[in-house]
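I am opening a notebook on a structure that is new to me, and I mean to write down what I look up as I go. Please show me the sequence and the model first.

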Amino acid sequence: MVSPFVKVYVYRKLQSKKRFSEIEDILLAEIEKYLICEKVIKYNWFWSAGANVPNASATIPGLILINAEWAYRIVIDSDNCNMHNAFDMTICHELTHQENDFCYFGLKKNDVKFVNWINEVHADFGATQKAFNGKRSYVKDAIEYKLKCKMQKDRDTWSHPSWLRRMNYLLKYNFDEKLINDIAGDVGCKNDILIEAIGKHFDKIVLEEK
Ligand SMILES: [Zn+2]
């Protein structure tokens with residue numbers, strides 16, 4: 001489903017070079033293969049109004065929202081395979097979030113940051129498994145496409161590691177105890193009980209090189 005506001009956003013940004021019906025056809029074709037999963041995928045303007053970076057959200061169970069800037073990128077880069085891989089990685093990342101994020105309601109800032117980062121990195125590994133059959137060789141180009149869209153804004157935050165750091169985790173690790181421990185070190189989490197609980201919650205994900 002494509003919100004009319006998204007169509008207007010893309011139409012204006014393309015300086016009226018495509019008709020509304022063409023824009024809608026391209027956007028619906030991009031998500032067609034996900035119609036078999038039980039989630040509803042919507043191009044929505046409101047939840048990320050004004051954002052000029054492609055983004056998606058899985059906050060509402062059963063629903064994945066794609067913002068207007070992603071819609072614009074899908075239309076403008078429809079012949080760029082890196083865009084398609086980056087988009088597949090985005091949707092599969094959100095699907096993985098909705099499968100089994102680790103829920104945690106702690107008070108210590110570094111513990112919460114650790115859980116946030118683990119959920120993000122686990123969703124990246126799940127996305128690589130789903131979108132690229134577990135082959136990490138697809139990851140670099142897909143993330144570099146996203147980095148290009150973000151321009152100078154790539155940095156670690158409380159909720160997410162930077163894209164460069166996420167790429168490093170995906171290229172150099174499997175999702176296992178070593179990665180979990182290293183992420184704990186990267187965020188300064190020393191809560192051994194929490195680190196152990198995270199290790200028990202998630203299954204190991206081993207990626208292939210090629
Ligand atoms: Zn995420």
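Predicted model: local features only at pLDDT ≥ 70, side-chain atom pairs only at ≥ 80, totals over all residues.

**Entry 1, the sheet.** I began with the strands and found 3 of them in an open sheet, in the order β1-β3-β2, with mixed pairing. Because β1 (40-43) and β2 (56-57) stand at the edges with a single partner strand each, one side of each has no neighbour in the sheet. For my own reference, helices (H or I, at least four residues) and strands (E, at least two) are DSSP runs numbered from the N terminus, and two strands pair if DSSP finds at least two bridges between them.

Residues are numbered from 1 along each chain as its sequence is written, and side-chain values use heavy atoms, with hydrogens and water left out.

I followed β1 against β3 (residues 63-66) and found parallel pairing over 4 bridges. Among the bridge partners in β3 I noted L63 for V40, L65 for K42 and I66 for Y43. On its other pairing, β3 runs antiparallel to β2 over 2 bridges, and there S57 has L65 as its bridge partner. The hairpin of β2 and β3 has 5 residues between the strands, and within that hairpin G62 takes a positive phi near 80°.

I then asked which residues of β1 make up its covered face and which its uncovered one. I41 and Y43 are on the covered face, whereas V40 and K42 are on the uncovered one. In β3 both faces are covered, with L63 and L65 on one side, I64 and I66 on the other, and all of these buried. Here buried means under 20% relative accessible area, exposed means over 50%, and partly exposed lies in between (1.4 Å probe, protein chains only).

Which atoms coordinate the zinc ion? I found NE2 of H93, NE2 of H97 and OE of E120, at 2.0 to 2.1 Å. Donors are N, O and S atoms within 2.8 Å of the metal (3.2 Å for Na, K and Ca), and since water is not among the atoms, sites may look incomplete. Along the chain the donors of the zinc ion follow the spacing H-x3-H-x22-E. Both H93 and H97 lie in helix α4 (residues 81-100), 4 residues apart, or about one turn of the helix. H93 counts as buried because its relative accessibility is 7%, and H97 is buried too, with a relative accessible area of 13%.

I looked next at the largest pocket, which holds about 1100 Å³ of space. A pocket is found on a 1 Å grid over the protein atoms alone, as an open set of points where a 1.4 Å probe fits, with protein on both sides within 12 Å along at least five of seven lines, and lining residues have an atom within 4 Å of a point. The volume is the space filled by probe spheres set on the points, which are joined across faces, edges and corners. The pocket is lined by 38 residues, and nearest its centre lie H93, H97, E120, S159 and H160. Two or more lining residues come from each of β2, α4, α5 (109-132), α6 (139-150) and α7 (163-172). The lining divides into 16 nonpolar, 13 polar and 9 charged residues, where Ala, Val, Leu, Ile, Met, Phe, Trp, Tyr, Cys and Pro count as nonpolar, Asp, Glu, Lys and Arg as charged, and the others, Gly among them, as polar. At least three lining residues come from each of domain 1 (4-79) and domain 2 (99-201), with bounds taken from an automatic or database domain assignment.

Last, I looked up N133 in the loop between α5 and α6. Its phi is near 50°, a positive value in a residue other than glycine, and N133 counts as exposed because its relative accessibility is 60%.
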